Amino acid sequence: MKEDVYIVSAVRTPVGKRGGYLRNYLIPELLALVLDEVMRRADLDPALVDEVINGTVYQVGEQGFVLGRMGVLASKKFPSTVPAISLNQQCGSSLRAIQLAYGQIIAGVLDIVVATGCECLSKYGMGSDCNGTLMDGKPMGHPFGDFYTSRWGYPDQMKSASMIAEKWGITQEQCEDFAIASHQNAHKATINGYFKNEILPTKGLSKDGKEILMENDETIRPETNRESLRALKVLPTTNFLTAGLSSTITDGASAVLVMSGKKVKELNLKPIARIVENAIIGADPGLMLTGPIYVTPKVLKKAGLKMDDIDIFEVNEAFAPIPLAWAKECQADMSKLNVNGGAMALGHPVGNSGCRLTVTAINELQRRKGKYALVALCTGGGMAPATIYERV
Ligand SMILES: CC(C)(COP(=O)(O)OP(=O)(O)OC[C@H]1O[C@@H](n2cnc3c(N)ncnc32)[C@H](O)[C@@H]1OP(=O)(O)O)[C@@H](O)C(=O)NCCC(=O)NCCS
């Protein structure tokens, strides 16, 4: 019989828009904020942490040299005896960090892990890990050799999202309605205070460079409507997708404290969720973003659960057609999907997103006293992790 693995505390920064309030943060210091806060919320000494497992996609510059470890060292509360790793599985990175924390705990290697996500796309944009130069000054290059391009073409996630819309018969109107709902649900959650518990108010810079305390996500546009969406220019290689039907380029960090049942008992802690089951799949790299469709039945089967048993689905809104195709194929109840908005409204700081969605899902389970939440993300390269949480 497997040991139970729990999430004891969870926190995230408000999402920062491109060049927004987080623009001047040294990124390890941003990560240190959520590391400190997740331990403060559990009222636990950071010295007890066996390892930090961090997810970041663009591990260059300030996000390089093992960002997880730099976050630990930037913290004024964590001792340097706490080790860390940073992993990259594209947009699934920090959900995979949680999954690996779970696996290491089940295996008896670790007992107390902080799983984090951290990414500032404002500084290190999409493709930053292929933009540099070699020692001789030539372009660094990229891994998409003939083995890849001859079969799937050069990766273009917008084209993939457009192909998915076409294949699953998702219309422009459906995408627009979904984007409008994303902004409205995120706005409603904000004004009703649903995010208050999960957000760590974070210092940053206003537009004119003054220090501010950001308490809410910076990216929500409640005024979004069909006309404003139709006014945007259609993205190249797509039929009708625009910036408004895509996740936004953002910055942010999040953390969850993952612990073995044994330690939870020993330290007399009150967890907020149990990790029920995990799955990861590979799918067609050309269509690229279909993974949630295939990982959902896999993780449900492993957990012995059905779609109807799940109270909340967080399926990342990389582009509007992705959760819509998922919902169609998995016959999901749309009223349970991204109930407080998704990445079209709340942004998609790629490596941070899996942990951010987890923090939001667990918080919402607590608020509405639901039982199960399922979190899934499509990733570059055609993969998808999914995890099911149970409120405890
Ligand atoms: C789609 C994408 C290329 C758009 O980039 P961009 O053109 O620089 O996008 P912006 O966010 O600046 O938005 C462009 C315009 O649309 C407007 N816009 C965006 N969302 C809007 C909305 N909901 N309502 C009204 N206007 C909106 C912006 O205001 C902006 O106009 P402005 O220049 O007047 O401010 C970029 O957001 C992107 O790459 N997203 C996907 C990221 C991704 O692939 N992630 C991984 C997925 S697997």
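**Ligand site**

In which pocket does the ligand sit? The ligand sits in the largest pocket. A pocket is an open set of points on a 1 Å grid over the protein atoms alone, with protein on both sides within 12 Å along at least five of seven lines; a molecule sits in it if more than half of its atoms lie within 2 Å of its grid points.

This is a predicted model, in which local features need pLDDT of at least 70 and side-chain atom pairs count only at pLDDT 80 or more, while totals for chains, interfaces and linings use all residues. Residues are numbered from 1 along each chain as its sequence is written, and side-chain values use heavy atoms, with hydrogens and water left out.

**Ligand contacts**

There are 20 residues around the ligand (a heavy atom within 4 Å). The shell comprises 11 nonpolar, 7 polar and 2 charged residues. Arg18, Gln157, Arg221, Thr224 and Ser247 come nearest.

A side-chain N or O atom of Arg18 is 2.8 Å from an oxygen atom of the ligand. Taken alone, the ligand exposes 950 Å² (Shrake-Rupley method, 1.4 Å probe), of which the protein buries 69%.

**Salt bridges**

The whole structure contains 20 salt bridges (a side-chain nitrogen of Lys or Arg within 4 Å of a carboxyl oxygen of Asp or Glu). One of them joins Lys2 to Glu277, with the closest N and O atoms 3.5 Å apart. Lys2 lies in the segment before strand 1 (5-12) and Glu277 in strand 9 (residues 273-282), so the pair ties together parts 275 residues apart in sequence. Strands are DSSP runs (E, at least two residues), numbered from the N terminus.

Technical notes
Polar contact = N/O pair within 3.5 Å; in protein donor to acceptor, adjacent residues only side chain to side chain. 1 Å grid on protein atoms, 1.4 Å probe; cavity = no way out; pocket = protein on both sides within 12 Å on 5 of 7 lines; lining within 4 Å. Nonpolar A, V, L, I, M, F, W, Y, C, P; charged D, E, K, R; others polar. Helix = DSSP H or I, 4+ residues; strand = E, 2+ residues; numbered from the N terminus.
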